[in-house]
Amino acid sequence: PQGMASEGEEEEMVEEEEEEAAREGRVPVPEPATPKKPEERSKKQQCKSLAEPAGTDLSTPGKRLEIKPRVPVRYCTLGTRDSARNPQTLVEVTTFAAINKFQPFNVAISSNVLLLLDFHSHLTRSEVVGYLGGRWDTNTQLLTVLRAFPCRTRLGDAEAAGAVEEEVTQPGGPYYHGNPGVESRIAPFWVMPPPEQRPNDYGIPMDVEVTYLQDGFLTNDVVQEMTLLVEFYKGAPDLVKFQELWSQDQTYLDKLKGSLASRTPKEQSFTHVLEQIYSLLK
């Protein structure tokens with residue numbers, strides 16, 4: 001991330017942003033021609049502190065579906081809340097360090113939760129959703145995620161998709177070929193509310209650092225949820241064909257096994273249970 005700009009660089013930054021928006025095909029949201037308050041200047045400065053610009057070509061050879069990649073926009077281009085804005089707009093996350101702040105709370109997540117949500121996301125070519133549950137400690141400001149509740153609903157179904165119809169080959173999905181290996185990239189984020197003096201601003205999506213906790217054993221509820229998910233997606237048109245090749249030398253099932261290997265509990269007696277579930281996918 002680039003450093004925070006000084007006030008003297010502000011006008012130059014605005015011009016650079018407009019030029020960059022033109023190159024990327026984005027139209028910046030015009031701002032009212034009023035004197036800039038300090039918080040407005042800081043918002044402009046945040047724009048220069050975000051991560052590397054988007055625009056990666058997400059197309060991959062051999063895809064069965066043509067997907068138009070959605071390019072994340074920078075937070076500073078959003079302006080104030082607008083009902084005309086597409087609610088599916090992807091916005092780049094930024095780090096707390098980039099805006100000179102500290103993460104206001106800590107997050108820990110168990111390996112069983114990661115295993116279940118990663119397994120769920122590998123089953124289908126459509127986006128998946130679910131709920132996370134856990135415990136909040138007011139004394140330590142620690143949020144511990146202990147349970148995952150996958151929603152058994154097909155968002156790839158045209159009638160049920162509604163506002164959510166994103167392919168898993170987009171950034172964040174388990175089959176996104178931008179990942180360096182077979183392991184899925186799980187990226188938690190938190191939308192920081194706008195300041196009180198600017199209630200009409202959009203919240204800022206912030207990258208959240210997480211501590212991962214390895215569970216001692218695989219619990220029955222996780223095994224049951226995995227079995228129910230396999231049964232739910234059986235025969236679905238967007239079910240991943242696990243015997244097909246994901247790469248030159250690995251099938252989709254190999255990819256799934258490789259990703260889940262980093263999310264297993266300490267007790268290894270669960271291995272035969274997972275193999276039984278994998279056999280259902282064949």
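**Helix packing**

Reply: Helix α6 passes helix α7 in a right-handed crossing; a crossing counts as right-handed if the near helix is turned clockwise from the far one by less than a right angle, and as left-handed if anticlockwise. Helices (H or I, at least four residues) and strands (E, at least two) are DSSP runs, numbered from the N terminus. This is a predicted model, in which local features need pLDDT of at least 70 and side-chain atom pairs count only at pLDDT 80 or more, while totals for chains, interfaces and linings use all residues. Residues are numbered from 1 along each chain as its sequence is written, and side-chain values use heavy atoms, with hydrogens and water left out.

Me: At what angle do the axes of α6 and α7 cross?

Reply: The axes of α6 (residues 252–260) and α7 (residues 271–281) cross at roughly 155° and come within 11 Å, which makes α6 roughly antiparallel to α7. The axes are lines fitted to C-alpha atoms, for helices over the stretch in contact, with angles running from 0 to 180 degrees between N-to-C directions. Angles under 35 degrees count as roughly parallel, over 145 as roughly antiparallel, 65 to 115 as roughly perpendicular, and the rest as oblique.

Me: How many salt bridges does the count come to?

Reply: The count comes to 7. Among them is the pair R152 and E225, with the closest N and O atoms 2.8 Å apart. R152 lies in the loop between β3 and α4 (158–161) and E225 in helix α5 (residues 220–233), so this pair ties together parts that are 73 residues apart in sequence. R152 is partly exposed at 38%, whereas E225 is buried at 16%.

Me: What about R263, is it buried or exposed?

Reply: R263 is buried, at 6% relative accessibility. Its side chain meets that of E183 in a salt bridge of 3.9 Å, N to O, and since R263 lies in the loop between α6 and α7 and E183 in the loop between α4 and β4, the pair ties together parts that are 80 residues apart in sequence. E183 is partly exposed at 39%, and D118, E183 and R263 are linked in a network of salt bridges.

Me: Switching to backbone: where is N100, and what is its phi?

Reply: N100 is found in the loop between α2 (38–49) and β1 (106–110), and its phi is near 55°, a positive value in a residue other than glycine. N100 is exposed, with a relative accessible area of 61%.

Me: And where is Q141?

Reply: Q141 sits in the loop between β2 (130–137) and β3 (142–150), also with a positive phi, near 55°. Q141 is partly exposed, at 34%.

How values were computed:
Buried means under 20% relative accessible area, exposed over 50%, partly exposed in between (1.4 Å probe, protein chains only). A salt bridge is a side-chain nitrogen of Lys or Arg within 4 Å of a carboxyl oxygen of Asp or Glu.
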